[in-house]
Amino acid sequence: MSENSTAMTLHESEETDKVIRQHACMAGGATLLFGVIPGTSLLDVASSIAILYGMYTRINTHMHVAFTKNKVQSIAKMVGANILGNIAGFVLARVGMAVLRFIPGVHLAAAVVDAGINATVIYICGIMYKNVIANLQGSGRTWTDEDVKGALRNAMADKSKIREYKKEAKQRLKGADYSAFKAAAKEMRESYENDPDLDKSAT
């Protein structure tokens, strides 16, 4: 059975792009927070999965996709578990930043750099998901969440496409710093609290 209804309008596409950037900055803010607290790397990972879930839920709203909570969670977990290994250099970069976090005098700077890395990763996950859904909606055939997962796995394995997404992320996140990450985290927290349709037990 098809999970889509109607295609996005230009306004909805722009709003979806805004959602992706907001969640990317929110991820950066979470990484920045956990980056200055020793022993919180697992919380950082958990927050990234929760942010993916929230981002995909909101993208689905703009793209008229009716996935259940469990389906969105499953997609978010799959992407979260596989994306870093498919982005050249990001794993080593994050490991390097994790090590630097424990060195006095440079740990805060390392956390800021790590926040930028995670924001880029989440942005890539968002724009990739948007494009996969758009392609499926334009295919003229029926599709399910399993088709989305398969298309996302293929997208993550496409190195040239990942490089394009990285360039786009660099442009869209240009100027994002500590204040931007902090502001996005506050804005999204307030937005989540006021959203009656979002299942907050998963975020």
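The legends below describe views of a predicted model.

View 1. Helices (DSSP runs of H or I, at least four residues) and strands (runs of E, at least two) are numbered from the N terminus. Of the 203 residues, 45% count as buried, where buried means under 20% relative accessible area and exposed over 50%, with partly exposed in between (1.4 Å probe, protein chains only). Residues are numbered from 1 along each chain as its sequence is written. Local features need pLDDT of at least 70 and side-chain atom pairs count only at pLDDT 80 or more, while totals for chains, interfaces and linings use all residues, and side-chain values use heavy atoms, without hydrogens or water.

**View 2. The largest nonpolar core, with 43 residues.** Such a core is a set of buried Ala, Val, Leu, Ile, Met, Phe, Trp, Tyr and Cys residues joined through side-chain atoms within 4.5 Å. Met55, Tyr56, Val79, Tyr129, Val148 and Leu152 touch the most other members. Two or more residues each come from α1 (10-35), α2 (41-63), α3 (69-82), α5 (107-137), α6 (145-157) and α7. The most come from α5, which gives twelve.

**View 3. Helix α7, residues 159-172.** From first C-alpha to last, the 14 residues of α7 reach 20 Å, close to the 20 Å expected at 1.5 Å a residue; the expected span is 1.5 Å times one less than the number of residues. Ile162, Tyr165 and Ala169 are buried. Seen down the axis of α7, these buried residues fall within an arc of 60 degrees, so they line one face of the helix; the arc is taken from the directions from the helix axis to the C-beta atoms. Arg163, Lys167, Lys170 and Gln171 are exposed on the other side of α7.
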